[in-house]
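Q: I have a model open on the screen. How do I read its features, step by step?

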Amino acid sequence: ELLDERAEERQAREAELLREVLRGADRAGITVEPGSPVETALGYYGVPYLWGGESVRGFDCSGLVLYVFKQHGVNLPHYSGSQFLLGTKVAPADLQPGDAVFFGSPVYHVGIYVGAGYFIHAPRTGDFVKLSRLAERKDYAGARRYAWSYRTGRIENAVVDPATIIP
């Protein structure tokens, strides 16, 4: 019971943090399109990092990308290096919300670009799915655009409903 109480408190704190981030992101020019991979990914904001994870119990970076894009009709492998080989190459100046962004040489990390210089990702052990500034990464390797479809149903197993927090 105490653990449930703590989990509820944590979820409430994370939801409020996401509201604050999105208010700031909205002012920065990020627009979350309903049914897009960005909206889907935001539904997992706050999920803990878990190496090898590809569910709401925990995600690693490529597991989050795999899980999100699967809901948009794109089947990806669970490895960032392999995800980097798929899709259409995107120049930094042409980044659009929903593009996968990759880091490292060789590639060892991936996230989803949300617009206005931000991306959502599952960074590392002890952390959680969150938004970060792309400019803060010095190991940017490139981006790929996958041929995704709009999600028509609810976000699968979402822990946060972006519709309730997007300004």
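This is a predicted model: local features need pLDDT of at least 70, side-chain atom pairs count only at pLDDT 80 or more; totals for chains, interfaces and linings use all residues.

Q: Which residue of β8 stands opposite Val 101?

A: Ala 143 does. Val 101 also stands opposite Gly 111 in β5.

Q: How many bridges join β4 to β5, and which way do the two strands run?

A: There are 4 bridges between β4 (residues 100-103) and β5 (residues 109-115), and the strands run antiparallel. Ala 100 faces Ile 112 of β5 across this pairing.

Q: What do β4 and β5 form, and how many residues lie between them?

A: They form a hairpin, with 5 residues between the strands. Look at Gly 104 in the turn: its phi is positive, about 95 degrees.

Q: Where do the side chains of β4 point, and are they buried or exposed?

A: Ala 100 and Phe 102 point one way, while Val 101 and Phe 103 point the other way. All of them are buried.

Q: Now the whole sheet. What is the order of its strands?

A: Read it as β3-β8-β4-β5-β6-β7. These 6 strands form an open sheet with antiparallel pairing. β3 (88-90) and β7 (130-133) stand at the edges. Each has a single partner strand, so one side of each is left without a neighbour in the sheet. From one strand to the next, the twist averages 40 degrees.

Q: Which strands does helix α3 lie across, and at what angle to β5 does the helix run?

A: Helix α3 (residues 61-70) lies across β5 and β6 (118-121). The helix runs at about 50 degrees to β5.

Q: Next, a loop residue. Where is Leu 95 found?

A: Look in the loop between β3 and β4.

Q: Why does Leu 95 count as buried?

A: The cut-off for buried is under 20% relative accessible area. Leu 95 has 15%, so the residue falls in that class.

Q: Which residues does Leu 95 touch, leaving out those up to four places away in sequence?

A: Val 90, Val 101, Tyr 113, Leu 134, Tyr 140, Ala 143 and Arg 145. Leu 95 and Arg 144 are 49 residues apart in sequence, yet 8.9 Å apart in space, C-alpha to C-alpha.

Q: On to charges. How many salt bridges does the structure hold?

A: First the idea: side chains of opposite charge can pair when their charged atoms come close. The structure holds 5 salt bridges. One of them joins the side chains of Arg 145 and Asp 99, at 2.8 Å from N to O. That pair links distant parts of the chain. Arg 145 is in strand β8, Asp 99 is in the loop between β3 and β4, and they are 46 residues apart.

Q: Are Arg 145 and Asp 99 buried or exposed?

A: Arg 145 counts as partly exposed, at 27% relative accessibility. Asp 99 counts as buried, at 1%.

Q: Which residues are linked in a network of salt bridges?

A: Arg 124, Asp 127 and Lys 130. Asp 127 meets Arg 124 at 2.9 Å, N to O. Asp 127 also forms a salt bridge with Lys 130, with the closest N and O atoms 3.0 Å apart. Asp 127 is buried, with a relative accessible area of 12%. Lys 130 is partly exposed, with 21%.

Methods. Residues are numbered from 1 along each chain as its sequence is written. Side-chain values use heavy atoms; hydrogens and water are left out. Two strands pair if DSSP finds at least two bridges between them. Axes are lines fitted to C-alpha atoms, for helices over the stretch in contact, and angles run from 0 to 180 degrees between N-to-C directions. Contact means heavy atoms within 4.5 Å. Buried means under 20% relative accessible area, exposed over 50%, partly exposed in between (1.4 Å probe, protein chains only). A salt bridge is a side-chain nitrogen of Lys or Arg within 4 Å of a carboxyl oxygen of Asp or Glu.
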